[in-house]
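Subject: Structure handover

Hello,

Please find the structure below. My notes on it follow.

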Amino acid sequence: MSKPRRLEVEDSGDISVVNFVDKKILDEQNIQMIGDDLFRLVDELGRRKIILNFGNVEFLSSAALGKLITMNRKVQAVRGKLILCNITKEIREVFEITKLDKLFTITGDEQSALQAF
Amino acid sequence: MGQQFVIPSDLEDARRVQEEIESAVKPFFTEGDAFAVKMAVEESLVNAIKHGNQMDRAKSVRVQLDISPEAVAVHITDEGPGFNPDDVPDPTAPENLERPCGRGLLLIRYYMSDVSFRNSGRTIVLTKNRKK
């Protein structure tokens with residue numbers, strides 16, 4: 001059985017724009033698959049400039065934050081840049097409570113993310 | 001109004017309980033407060049299953065949901081060794097900021113009106129007051 005896709009990736013020049021298929025990022029198995037797919041972008045496909053568009057995401061758990069932190073480290077290790085955008089008010093608050101808004105670059109919409117490179 | 005659930009240490013079962021609680025509390029809260037309850041219940045269930053019961057399916061998690069005109073209370077009890085919440089490091093401290101885990105309790109405390117522990121940390125009691 002083929003693995004269901006958890007991410008949709010579109011390339012805009014040398015920038016990869018990632019959209020999440022899931023509205024809720026909390027299931028352990030899904031988070032693992034999302035992490036694997038994200039890491040593959042850097043490790044196998046050599047992408048250095050990545051935008052994560054959260055437009056479709058209504059809920060995420062702290063386990064998902066862990067994967068995003070690991071992804072951020074991975075991108076920084078290859079001197080790339082990871083930008084998060086289109087985050088709902090509620091999820092933005094999760095980043096603020098955990099102070100991860102200081103760790104990640106977060107912009108408003110996708111356009112401003114594209115311009116931030 | 002009270003409801004009880006007993007589930008094995010399985011995240012799929014936790015998901016079902018989470019959804020039942022979500023639909024039960026939704027009519028009583030604003031969208032923001034419903035998000036808050038969902039976040040706290042999700043993090044507490046995952047803590048009970050992963051850290052409390054160590055994913056041992058032979059061990060159960062008991063969930064008690066009580067809805068009153070003033071508040072929603074959720075008791076979540078695991079069968080693990082218990083823990084001291086004061087021992088959990090502050091995930092917002094600069095040296096911990098990049099640690100991939102350890103943020104659940106912070107989120108639970110932020111989103112709930114009151115959080116307490118009983119039974120040597122095996123039971124967490126989440127209370128969310130309803131705005132008048």
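What share of the contacts in chain A with a separation of 6 or more comes from residues 24 or more positions apart? The share is 73%, where two residues are in contact if their C-beta atoms, placed from the backbone, lie within 7 Å.

This is a predicted model, in which local features need pLDDT of at least 70 and side-chain atom pairs count only at pLDDT 80 or more, while totals for chains, interfaces and linings use all residues. Residues are numbered from 1 along each chain as its sequence is written, and chains are lettered from A and ligands numbered from 1 in the order in which they are written.

Chain A

Chain A has four helices and seven strands (DSSP runs, H or I of at least four residues for helices and E of at least two for strands, numbered from the N terminus). Their order along the sequence is β-β-β-α-β-β-α-β-α-β-α. The radius of gyration of chain A, 13 Å, agrees with the value near 13 Å for a compact globule of 117 residues (taken over C-alpha atoms; the rule is 2.2 Å times the number of residues to the power 0.38). Along the principal axes, the C-alpha atoms of chain A fill a box of roughly 40 × 30 × 25 Å. Of the 117 residues, 34% are buried (20 or more other C-beta atoms within 10 Å of the residue's own, with C-beta atoms placed from the backbone).

Helices H1 (residues 28-43) and H2 (residues 62-77) of chain A pack with axes 10 Å apart, at an angle of about 10 degrees (axes are lines fitted to C-alpha atoms over the stretch in contact, and angles run from 0 to 180 degrees between N-to-C directions). H1(A) is therefore roughly parallel to H2(A) (an angle under 35 degrees). Residues in this contact include A:Ile31, A:Leu38 and A:Phe39 of H1(A) and A:Ala64, A:Met71 and A:Val75 of H2(A).

Chain B

In chain B, the axes of H1 (residues 11-25) and H2 (residues 31-52) come within 10 Å and cross at roughly 155 degrees. H1(B) and H2(B) are therefore roughly antiparallel (an angle over 145 degrees). Among the residues that meet are B:Leu11, B:Val17 and B:Ile21 in H1(B) and B:Val37, B:Leu45 and B:Ile49 in H2(B).

Between the chains

The contact takes 18 residues from chain A and 19 from chain B. On the chain B side, H1, H2 and helix H3 (104-111) each supply at least two residues. H2(B) gives the largest share, six residues.

Regards

Technical notes: Angles under 35 degrees count as roughly parallel, over 145 as roughly antiparallel, 65 to 115 as roughly perpendicular and the rest as oblique. A residue is buried if 20 or more other C-beta atoms lie within 10 Å of its own, exposed if 12 or fewer, and partly exposed in between; C-beta atoms are placed from the backbone.
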